[in-house]
Protein chains: 2
Amino acid sequence: MAEEVMNNKQIILKHYVEGYPKESDMEFKNNNVKLNVPEGSNVVVLKNLYLSCDPYMRSRMSKLEGSYPITGCGVAKVLKSGDSNFQEGDLVWGMTGWEEYSIVTATQSALFKIHDKNVPLSYYTGILGMPGMTAYVGFYEICSPKKGETVFVSAASGAVGQLVGQFAKMLGCYVVGSAGTKEKVDLLKNKFGFDEAFNYKEEKDLVAALKRYFPNGIDIYFENVGGKMLDAVLVNMKLHGRIAVCGMISQYNLEKTEGVHNLFCLITKRIRMEGFLVSDHYHLYPKYLEMIIPQIKGGSVVYVEDIAEGLENAPKALVGLFYGHNVGKQVVKVSRE
Amino acid sequence: MAEEVMNNKQIILKHYVEGYPKESDMEFKNNNVKLNVPEGSNVVVLKNLYLSCDPYMRSRMSKLEGSYPITGCGVAKVLKSGDSNFQEGDLVWGMTGWEEYSIVTATQSALFKIHDKNVPLSYYTGILGMPGMTAYVGFYEICSPKKGETVFVSAASGAVGQLVGQFAKMLGCYVVGSAGTKEKVDLLKNKFGFDEAFNYKEEKDLVAALKRYFPNGIDIYFENVGGKMLDAVLVNMKLHGRIAVCGMISQYNLEKTEGVHNLFCLITKRIRMEGFLVSDHYHLYPKYLEMIIPQIKGGSVVYVEDIAEGLENAPKALVGLFYGHNVGKQVVKVSRE
């Protein structure tokens, strides 16, 4: 097989990051890549179409967890495949590199084949991909929700939060979300159908703010931010409340995390607080798709994306995530199919 | 019915407490009490025999939770009863006052009749009462323990901890306990059969200490202390570990609780952390007694008590609890039967 050498634009992490990541922590490079499948290997050659910016990526930029080249979820087209489960022309999503072309294996990348293309392809970085499954398993599997319960979601307009709120409304819960701008608060109330929403940056007293929206307490908290918000939630929880710990984005860029002071409430209120990773639950993915695709097509679930154009804008998009610059799921479009 | 007026020695809380409680926060008083059951009432007149000193009592001494006269668990003899479920001469345990005689109702006091008297009566403040049930439901119902798992218990020689360790050993777990003196550490290893034990006051680095005893991590943490120990445990937990939050005695006397910084581990390790109160689980009490009484009589479960003699020594005993002066379950003997 003739070797096909291509120019491959890449985003490289220049050094490990402390504090908030900056665009200058990353650099744009041109490298060559051989787009071939070595004889007898099972690698898959991908042309990346969409890349996903997700908060968890921050930890991989720190020395502690260190993974040097930037990797993340993405949607890609299979150019060549040594894996019999994937054919040239297939569309897939999974872990890929921040570059135009990636050479991966299906196992390392946890590649999923995309079957339904009558939805925006970028959705496979969001509602139909990792964040969607995160919302689904976090809410249904970890929160043990019941009709009529009160639900609070932080970072509620983000990739995961906007779906948790909609799932909770579908089940007949009372749902309140917090976000960091007026625009996002409007989205929560007018687009995603949250019962109430507030801008946490405008609240001097988060305990009082939550008390206002939940005079009788919170049954379920979907935790995306950590820190002060978690402390305020703990004192506002109801007896036998549940906290699904999905993320703690407010803490990722701090040298020392904020201490959480109100954990004693776990005892007095008999609260269950449980962390989870979506990767433990992918066996539920087919069931999730069966549920969610008709909802998307029927318009009963909506999804807002914030799409940056071009790989060169990926660093800015990723950095913006930690300042809340994105409105909805942050995606980077690398290439047309 | 003739009124029987008796002198009633009492321990009264003089004022709400800030910081560590002191003996001088409480005072010894002599009051008269009428030991009669008003016509048509369902009160029960108790002669208190043993009073229990428990960490949770600290919160009732603060303004926030405020209950002015000191109350706590105790073992008592029924002198008179307007409640058809209790007869003169019955022995009972439940919530009572820190005094010689108490006038209560069965409901308010959650009175249990004592049927088996072939065990030390004081045990009904401990292994056969609230702390015993706490260890039982906390370990079996909240921790979801499995044979072969690794278990860490803090405040391990206390009223609850010494039992959790023994229950875990009975199930075939590897069990390590922490305590605050050499004497207690020896008890844990030589009397209660813990696999290992350490004095947390002698460890400069709790994370390293736990790593030493759990090179492969902790499956189950039975949390009695909170604060720094919880932070050290979180980074030493195994994937899918469980933390039963029973108490946080290290925090009760602080103006501002220590912050807990490592909650992000809940996500990466998919940890379930759950608070509980024994009062939700008393329907299991008969089942527990059926299990535990033969074990006590057969000697396969042991229980260490620290018995202070006389009501006048109750304040000192209670204060000592927060300095770890007690060795085993702290009891106050008020009167012989």
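Strand β3 (residues 43-52) of chain B pairs with strand β4 (residues 71-81) of chain B in the antiparallel sense over seven bridges; strands are DSSP runs of E of at least two residues, helices are runs of H or I of at least four, and both are numbered from the N terminus. Two strands are taken to pair if DSSP finds at least two bridges between them. Within this pairing, B:V44 stands opposite B:S81 of β4(B). The model is a predicted one, in which local features need pLDDT of at least 70, side-chain atom pairs count only at pLDDT 80 or more, and totals for chains, interfaces and linings use all residues. Residues are numbered from 1 along each chain as its sequence is written, chains are lettered from A and ligands numbered from 1 in the order in which they are written, and side-chain values use heavy atoms, with hydrogens and water left out.

β3(B) also pairs with strand β6 (residues 101-105) of chain B, again in the antiparallel sense, over five bridges; here the bridge partner of B:K47 is B:Y101. Three further bridges join β3(B) to strand β15 (residues 329-333) of chain B, and these two strands run antiparallel. In β15(B), B:V331 is the bridge partner of B:S52. Nine of the ten residues of β3(B) are buried, so the strand is largely enclosed by the rest of the structure; buried means under 20% relative accessible area, exposed over 50%, and partly exposed in between (1.4 Å probe, protein chains only).

An open sheet of twelve strands with mixed pairing has the order β10(A)-β9(A)-β8(A)-β11(A)-β12(A)-β13(A)-β13(B)-β12(B)-β11(B)-β8(B)-β9(B)-β10(B). β10 (196-199) of chain A and β10 (196-199) of chain B stand at the edges, each with a single partner strand, so one side of each is left without a neighbour in the sheet. The twist averages 15° from one strand to the next, where axes are lines fitted to C-alpha atoms, for helices over the stretch in contact, and angles run from 0 to 180 degrees between N-to-C directions. Helix α5 (residues 206-213) of chain A packs on the sheet, touching β8, β9, β10 and β11 of chain A, and its direction makes about 165° with that of β10(A); contact means heavy atoms within 4.5 Å.

Elsewhere, B:F28 lies in strand β2 (residues 26-34) of chain B. At 38% relative accessibility, B:F28 counts as partly exposed. Apart from neighbours within four places in sequence, B:F28 is in contact with B:K9, B:Q10, B:I11, B:L311 and B:E312.
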